[in-house]
Amino acid sequence: MSRVLRSLFMSMLLVCGFSPAHGGEGAALERGTAIIDPAALRELDHGRFGLRRIMAPMQSADVPLTSGDLFALPEMAPVKKALDEDFERYIERHKAELPTESIGVGQGFDFQLFDRAQLSSAHTRFVLSGIVNRMDRAYVSEKDCGEIRLIYRLTQTGAGEIGEAAVSPRLPMTLNVVLKAKGGIPVDGAGVTITCAEIARRWLATGQLVASGAELAGKLAATGGALDLVRPENIERIETNLQIAHAPKSAVRDFRTDYLMKVFDYDAASATFQEAPLENQIDRARLLADENLSHDFKAWLLDLAHFAELDKGTILIPERFLVKSAVAATPVGFAPSELQPAFGLVASEDGPTNPVFAESDVVGALKRATEHGAALQNIRSVAGFERRLNDMTCTGCHQTRGIGGFHFPGVDWLAAKPSNVTVVPASPHFFGDQVRRRDILAAFRDGKRVDFSRGFASRPQTRGSSELAGSEYENGWGAHCYVQHAKMSENDASFRSWTCADGLACQAVSPATRMGMCFVKGR
């Protein structure tokens, strides 16, 4: 990593960690779309949204569910088995690729492994750290109205309430419990018919609440509240994201962290969570090694309908092209790299000799889309196609504008005076996307046509709003940008709108790319 890139990266760590999540108008960006009030989450965690009530609702015990208890549940047996197998594969691959660099649990190793013993411990548990509305994903299953996500963070217990300046006992792992936004209940306790519009109305109404703590938690969970319909029987799957290994900076390498990401669908027949493919996580290794699979994938993706879905960000790639386990390596930087999930799939000077897509393939697909009147929003060049291949994957998205390998590390309400100003619970990518998500909720509420499209992970859709203008999310200091050519006609059509606000200039981080960040001119 170059000195410039290190400087930019550390600057952005500061931005991510110490900037309040507000747009240009000063209102909280997550209003009506997510619940991140620390005191309210504490109350909800101590009530029916504690993990025991969600994962083991038939149990009568009111004590918190420890990690050991969680992974001892019969339905979680396949989860623990799959995680253990992934750890073993990771260690074997490391020893084969980096035989001179030690790996193990503890600071004495070059690569410091996540301690799996924490998952069987009676002294750790998953704490509710955020609740997120994802009705913007209703295109996956319209009848379910999208998803609601309960996000839990692995935490050491017994440490007591920590002080404001103390080190948090939280561990680098999140558990995401994904539920259908609309379950099988046709009417609520007050006789109100449950529709997508009604659910969206309830969530948007939370943005007007001025309460916090226990009062807010009570209103959210009450009949007619946004969380009234969030119940264990609506669970669809769980998702895990953990920092599997960390390599501190040394004489032979810059610092690096690897994050293991997995998905487990709930199987009603066996009453267990079963390992499943990660959505749109392309199996790059198999595609580059299997000519027949590569041919089929190219034909499928360049089909006009699928190409348009890729552009919109609503594509769902068939499982035969996907993997069930992925590692997101960070930091990646801006230049093309083997650490990126789609690297080498599109022909380039630095890529393999057998790419899946030649430049002419993409140019041809763009031409066909134009001839058929497809209004492409994002993919307008070969570079745009390649970027979309990366950021539609789980790992590619998490490598973009994340906090480490997380987009939602979560609220830390264990501090004596928890605050979302000093410790931001989510990434710039997460907060930048809230304008789009809120617009989708408003369309549901008002009975309008819903536009599920999304921009690139680096630059959020504004949906005609000026709320993000001048901020790190759009064109302010630290925003991702494209270094413009002297001649406008030479700018890449996919990125020419990625400019900076007055007084700022886009500074590329390496000669290999025109992508960079907005900083004060002259720096």
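**Charged pairs in a predicted model**

Lysine 81 and glutamate 85 form a salt bridge, with their closest N and O atoms 2.6 Å apart. A salt bridge here is a side-chain nitrogen of Lys or Arg within 4 Å of a carboxyl oxygen of Asp or Glu. This is a predicted model: local features need pLDDT of at least 70, side-chain atom pairs count only at pLDDT 80 or more, and totals for chains, interfaces and linings use all residues. Residues are numbered from 1 along each chain as its sequence is written, and side-chain values use heavy atoms, with hydrogens and water left out.

Colleague: In which helix do lysine 81 and glutamate 85 lie?

Modeller: Helices (H or I, at least four residues) and strands (E, at least two) are DSSP runs, numbered from the N terminus. The two residues sit 4 apart, about one turn of the helix. Both belong to residues 77-97, which is helix H5.

Colleague: Is lysine 81 buried or exposed?

Modeller: Buried means under 20% relative accessible area, exposed over 50%, and partly exposed in between (1.4 Å probe, protein chains only). Lysine 81 has 53%, so lysine 81 is exposed.

Colleague: Which residue forms a salt bridge with glutamate 147?

Modeller: The closest N and O atoms are 3.0 Å apart, and the partner is arginine 237. Glutamate 147 lies in strand S5 (residues 147-156) and arginine 237 in strand S7 (residues 235-247), so the pair ties together parts 90 residues apart in sequence. Glutamate 147 is buried, at 4% relative accessible area. The partner asked for is arginine 237.

Colleague: Which residues are linked with Glu147 in a network of salt bridges?

Modeller: Arginine 237 is buried too, at 10% relative accessibility. Arginine 237 also belongs to the network. The residues linked with Glu147 are Arg137, Arg149, Glu236, Arg237, Glu239 and Glu279.

Colleague: What is the nearest side chain of opposite charge to aspartate 311?

Modeller: Lys and Arg count as positive and Asp and Glu as negative; His and the chain ends are not counted. Aspartate 311 is buried yet has no salt bridge. The side chain of aspartate 311 does reach the backbone nitrogen of asparagine 378, at 2.7 Å. The nearest side chain of opposite charge, 5.9 Å away, is arginine 388.

Colleague: How many salt bridges does the structure hold?

Modeller: One of them joins arginine 52 and aspartate 69, at 3.5 Å from N to O. Arginine 52 counts as buried, at 9% relative accessibility. Aspartate 69 counts as partly exposed, at 36%. The number of salt bridges in the structure is 41.

Definitions and conventions: Polar contact = N/O pair within 3.5 Å; in protein donor to acceptor, adjacent residues only side chain to side chain.
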